[in-house]
Amino acid sequence: MKRHTLERLACLAWITLATGPMASLSTQDLTITNARIIAANGAVIERGSIVVRAGRIVSAAPGAPGAVSGKSIDAKGMTAMPGFIDGHRHINTGPNERAQMQALLEAGYTTVLSGGGPAEGNITLRDHIEKGVINGPRIIPSGSLRLNNQTPEAARAEVRKMAEMGIKFTGEIALTPIPGPSEKEIDVLKAIVDEAKKAGVMVQVHAVSSAAMVAAVNAGVPLLVHLPNKDWVSKEDAKKVAAAGVKVLGTVSFGSPVFGVFADDNTPRFRDGKAWPAGIIDGVRLGEEAGYMPVNARTIWDAGATLGYCTDTTYDPKAGLDHELKMLNVMFSMRDLVKMMGPNTASYIQMSDQLGTLEPGKLADLILLDGDPLEGYWNWLKTKVVVKGGVIVVDKR
């Protein structure tokens with residue numbers, strides 16, 4: 001009995017050393033061979049290798065590597081692509097954080113930008129992962145900031161407080177969608193945008209109507225966490241977004257019903273488990289949002305704006321990935337999704353130089369899929385190996 005206990009403790013200690021942030025550099029050296037590699041912009045290397053040193057990609061090239069570095073993985077024809085980034089998911093510290101963060105990793109997510117909630121809880125969750133207390137994706141914390149009952153001066157003070165805590169993103173700041181934001185909302189928002197530029201904080205706005213979206217763009221907001229889901233986005237308004245350099249996240253499955261996630265009873269539900277379509281927030285009770293968002297995503301994309309990926313969910317990560325990909329599949333090619341979920345989302349979270357593509361110099365955040373993602377979205381659900389910063393954090397081979 002004692003021997004088994006000691007063996008189990010030794011195993012846990014090894015896992016902590018191998019996956020925690022204090023892991024030695026040798027555990028962050030890795031060589032992957034015999035992989036189909038999805039390179040930048042969907043280019044494909046049919047049989048190639050990836051070499052990682054000190055947690056960064058040294059090479060991603062055809063054929064065998066010139067020299068093997070660290071641990072070796074024979075991919076045996078699996079596909080290597082960048083780890084998934086969720087640009088807007090509601091997460092926070094709590095009693096279930098270990099299981100929730102592990103589920104995110106196993107779905108293929110290596111980086112998550114928090115959608116909001118108490119900044120202190122976001123920071124605690126990030127620290128638990130970075131210190132190796134729990135296993136999880138890279139967490140980028142955000143801080144909640146409301147427009148209601150705020151003065152411009154008070155809002156500026158909140159932004160400064162956020163910056164002092166090391167928070168680089170506001171959570172989603174809600175603008176009234178119908179009939180549109182009030183003059184007071186816009187005054188406060190402009191103050192936030194101005195102060196955030198000085199403090200080095202990125203402002204994210206929840207604008208779910210065309211009126212709110214255009215008002216946010218005119219106020220100088222750089223990031224929109226949602227597409228409009230209350231009306232159709234015109235080509236003219238989409239061009240305004242693109243011309244202003246505003247980056248947008250999709251959440252195209254917001255209004256579409258979920259099946260088999262909350263209960264296996266073939267009943268359509270909203271993404272919080274409530275009845276669909278009646279449970280849709282600020283909905284018109286007809287489920288029209290299910291049509292608006294995918295079409296608006298394509299309109300924004302075709303206008304040349306940077307459209308990234310997010311789920312904005314709290315339920316099972318793999319189910320959320322499946323739901324979002326199904327809706328994206330209606331309007332976008334798989335090559336489009338490679339760009340959307342990789343470089344575009346990395347750009348949204350301000351990490352284009354670190355993430356989003358498998359290129360030399362970037363962080364070694366990658367996944368191995370059992371299938372070809374360019375054949376169909378269903379292969380994006382077959383994650384077998386997850387590497388974060390050169391460390392193997394999931395291995396289901």
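Tutor: Fine. This is a predicted model. Take strand β7, residues 109-114: β7 runs parallel to β8, and 3 bridges join the two.

Student: Which residue stands opposite I139 in β8?

Tutor: That is V112.

Student: What is the strand order in the sheet?

Tutor: The order is β6-β7-β8; the sheet is open, has 3 strands and pairs in parallel. Its edge strands, β6 (84-89) and β8 (138-140), each pair on one side only. On average, neighbouring strands are turned by 15 degrees against each other, direction ignored.

Student: Which helix lies across β6 and β7?

Tutor: Helix α10, residues 334-348. Its angle to β6 is about 45 degrees.

Student: Switching to confidence. What does the pLDDT average over the protein chain?

Tutor: The average is 91, and 93% of the residues score at least 70. Residues 1-26 are below 50, and that stretch has 17 contacts in the model beyond near neighbours in sequence.

Student: How should I treat those contacts?

Tutor: Where pLDDT is low, predicted coordinates should not be read in detail.

Student: OK, aromatics. How many aromatic pairs does the structure hold?

Tutor: There are 8 aromatic pairs. One of them is F84 with W380, which is stacked, with 6.1 Å from centre to centre and 10 degrees between the planes.

Student: Where do F84 and W380 sit in the chain?

Tutor: F84 is in strand β6, and W380 is in the loop between β14 (366-369) and β15 (383-388). The pair links distant parts of the chain, 296 residues apart.

Student: Are F84 and W380 buried or exposed?

Tutor: Both are buried.

Student: And why is the pair of F262 and Y315 edge-to-face?

Tutor: The planes of F262 and Y315 stand at 75 degrees, with the ring centres 5.5 Å apart, so the pair counts as edge-to-face. F262 is in the loop between β12 (247-249) and α8 (289-302), while Y315 is in the loop between β13 (306-308) and α9 (317-331), so the pair ties together parts 53 residues apart in sequence.

Student: How do F262 and Y315 come out on accessibility?

Tutor: F262 has 37% relative accessibility and counts as partly exposed. Y315 is buried, at 8% relative accessible area.

Student: Back to F84. Which residues form one aromatic cluster with F84?

Tutor: Y109, Y309 and W380.

Student: Last one. What lies over the face of W301?

Tutor: K339 does, at 5.8 Å from the ring centre.

How values were computed
Residues numbered from 1 in each chain as written. Predicted model: local features only at pLDDT ≥ 70, side-chain atom pairs only at ≥ 80, totals over all residues. Heavy atoms only, no water. Pairing = 2+ DSSP bridges. Helix = DSSP H or I, 4+ residues; strand = E, 2+ residues; numbered from the N terminus. Axes fitted to C-alpha atoms, helices over the stretch in contact; angles between N-to-C directions. Contact = heavy atoms within 4.5 Å. pLDDT = per-residue confidence, 0-100. Phe/Tyr/Trp six-rings, centres within 6.5 Å; stacked < 30°, edge-to-face > 60°. Buried < 20%, exposed > 50% of the residue type's maximum accessible area, 1.4 Å probe, protein only. Lys NZ or Arg CZ within 6 Å of the ring centre and 35° of its normal.
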